[in-house]
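These are my notebook entries on a structure that I looked through in part. I set down each item together with the criterion behind it.

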Amino acid sequence: MIPEVGHYALIVALCLAAILAVLPAWGAWRRDVVSMGLAPGLAVGTLVFVGISFACLATAFLQDDFSVKLVANNSNSLLPAVYKFSAVWGNHEGSLLLWALILAMWTSAVALLSRQLPLLVLSRVLAVMGAIAVGFLSFSLFTSNPFERLLPGVPADGSDLNPLLQDPGLIIHPPLLYMGYVGFSVAFAFAIAALLGGRLDASWARWSRPWTNVAWAFLSLGIMLGSWWAYYELGWGGWWFWDPVENASFMPWLAGIALIHSLAVTEKRGLFKSWTVLLAIFTFSLSLLGTFLVRSGVLTSVHAFATDPARGLFILLFLALVVGGSLTLYALRAPAVSSRVSFAWVSRESLLLFNNVVFLVATLTVLFGTLFPLIMDALGQGKYSVGPPYFNAVFVPLMALLATFMGLGPVSRWKSDSVSRWRGELALPAVVAVACGLTLPLLGVEYNLWVALAALLSAWLVLGLARDLWYRVRGATTLGRGLRRLSPSYWGMLLAHLGFAACIIGIVATSQYSVERDLKMQPGDSQVLAGYRFDFLELAQVRGPNFVADEARFRVSRDGDVVTHLAPQKRRYLASGSVMTEAAIDPGLFRDLYVAMGEPVGAEGAWAIRLHYKPMVRWMWLGAIFMGLGGFATTLDRRYRRQRRSAREGLQGALHGA
Amino acid sequence: MGPRLKLFIPLILFAVLALFLFRGLELDPKELPSALIDRPLPSFELPALGGDRMLRREDVIGEVALFNVWATWCVSCRVEHPYLHMLAEQGVPIIGLNYKDDDTDALRWLEELGNPYRVNIVDAQGTLGLDLGVYGAPETYLVDAGGVIRYRHVGVVDERVWQDILQPLYRELKTGRVN
């Protein structure tokens, strides 16, 4: 009964979304206030019904209703309740419903938080989001119905959730990632509404900015969680693989960075208007492309969902409609004449333009690498796979170049600046950065040129920010007052840029300084790695809720003091028979200690054991968290609140806004 | 080119991309080019992993076996590895094709995770992979006693794949019911 309710709710949601896509748009065209005014209500209504549908599916999972095919295939009565819940999105159908739910949430958020927008703009924005919702809801209903029943012949128990997905990180990784992906639909909808209205001005950029920043922040956290999960769950200490599905989330993230910076220029200076619109379309298109790649089966990947050509065709048609349609609109409506506002080559604008170029090149590089096998196959040139060497070869120089110019960013001025002023401002930071580059690697295991370069660039970024911060707080009577005077968006920028610096350090230090050893060890053996002594104390059999495991118990000590106890496991999941490695990690700000079990060797209870010493690996994820927090911080800016208040006062003139 | 026409460039680029994606839908990356099914394994002369011995096609055929394409850079191969062990313990002969990999890394991997392979062919340049039409690792080919490729599976071989697809075929080939 409950699954049927969910199914009907989904159908109602589709109908509401269809009305949302059509009626307010028609109203905007005919300047009909009544039908435009229905848009927020329809948006919330869609959310309510998608929400009911999602709740029904979650209930089916939590109640072990194995008559539902999805539950039977992806859950098991022994599964802990929290994983039964996360199993809802551990598969194609359920994750698509989650996607639709999150889209409905964003749409409602826009409807409820944007009362300040001119009704005309709001109704267009919501209509565009409604149209996207129609696409996803019908995709769900027509090709991937999550409520399909297995009647008769209900299985006694389910075939369990993929053990790799039975992990706390994976409970929130997909929702965060989707919050990011789908959040870019807001920027997209604003861009389309602006094109439809024919007015691409600073106010359009100002409306889009907080939404874009939040979406990007979610995506940053989602990608970070995915990388962290891979690190401890796959059992060999890797954290990024350039897998097509990872790339699918990385591309909108990169394009999102370009969009965020380009929006800043458009808002502050009224420049790059057509370019920013194009980036907004591009970023969301990449989110959709990611969906296509993951769910259509055109590329192989560890993460790929079970695929079906009908689904691929559906998303491709949808993609063609959304992207093709919006690009056609762009070609017809975007201002073809370049703005009359000008800027000098030495200015903040050109630095931001440089940022845009770097991130666009980076995005296209990843896109090309991801699609290369497909393109070669389609051209009949054989089957290829593109590996990490290609991506690293392109990415490392690009990011080094970026960091060099990024240090200039915060201290630079709009419109026109001078090289001699930059020289004056940054001579000291540059000297200190070089000193850091030369000395900091001495703290590491051995002197390493890559680490030196990373230290140099990160110090350059941090010192440039510090210099700028110093100028901003210098005039205040006390330091505290000076800091309080800074706007949240400035703090956001600061956090995000610091996060980027931390990422550079973390990635390079851990790639260069990691020590790992693969050993045959049996209880009683000890091993010293990077100054830590690992004692293999005993081997035990443990039983989890739905698995049995061999557990190796280690004591780790340094200079005779016990640092920690680690107990990696080799788990065998009962329902599926799959074997999983559960690494044991002692995390730290400056180093992680990592123990994973390989295979049993010989008959005397010896195992292949992998020991890792991973310096500063956390900096990478901390950096990503900083970037995410930075993205969230910008939205606290007073000017968005002021905008809301003033708009409320000027509600009378709402209709004349566009 | 007029300024308005320039704005059409993104649309045109997307149209080209969409064509490729459409074509991609028909091409299943997991499917063996039909030309190779029921055709003999391509001939080759490549070194064996961890030795100076050269291997030829004749050295690795003779019984029904799995040819497993793997590499240390391949994440899924790690996931697959324990299952291959189980198959090897059940007596299924597995020939490894170490694809575009580094010998030292590969040997260390086998030392650490164990070696389920009868023998490993080193295909550092990917030449044999090219003849086979390897899309990426892991891939597994079922080759019969006469050295004829009977099935290709792209992706991880796990309990489900083995039980549902490979094992029935493997049994049939072993008992000689096919051909």
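**Entry 1: domains of chain A.** I first looked up a distance: the centres of domain 2 of chain A and domain 3 of chain A, taken over C-alpha atoms, are separated by 39 Å. I noted that the contact between them takes six residues from domain 2 of chain A and 13 residues from domain 3 of chain A; two residues are in contact if their C-beta atoms, placed from the backbone, lie within 7 Å. The division of chain A is domain 1 (1–161), domain 2 (162–340 + 355–364) and domain 3 (515–616), with bounds from an automatic or database domain assignment.

**Entry 2: conventions.** I keep in mind that this is a predicted model, in which local features need pLDDT of at least 70 and side-chain atom pairs count only at pLDDT 80 or more, while totals for chains, interfaces and linings use all residues. Residues are numbered from 1 along each chain as its sequence is written, and chains are lettered from A and ligands numbered from 1 in the order in which they are written.

**Entry 3: a sheet in chain A.** I found an open sheet of four strands in chain A, with the order 1-10-9-8 and antiparallel pairing. Helices (H or I, at least four residues) and strands (E, at least two) are DSSP runs, numbered from the N terminus, and two strands pair if DSSP finds at least two bridges between them. Which strands stand at the edges? They are strand 1 (515–521) and strand 8 of chain A; each has a single partner strand, so one side of each is left without a neighbour in the sheet. Strand 1 of chain A runs antiparallel to strand 10 (residues 606–615) of chain A, and seven bridges join them. Within strand 10 of chain A, A:Ala608 stands opposite A:Lys520.

**Entry 4: A:Leu589.** I located A:Leu589 in the loop between strand 8 (584–586) and strand 9 (591–601) of chain A. A:Leu589 counts as exposed because it has 9 C-beta neighbours inside 10 Å. A residue is buried if 20 or more other C-beta atoms lie within 10 Å of its own, exposed if 12 or fewer, and partly exposed in between; C-beta atoms are placed from the backbone.

**Entry 5: a hairpin in chain A.** I noted five bridges between strand 4 (residues 547–558) and strand 5 (residues 561–566) of chain A, which run antiparallel. A:Phe554 has A:Leu566 in strand 5 of chain A as its bridge partner. Two residues lie between the strands of this hairpin, where A:Asp559 takes a positive phi near 50°.
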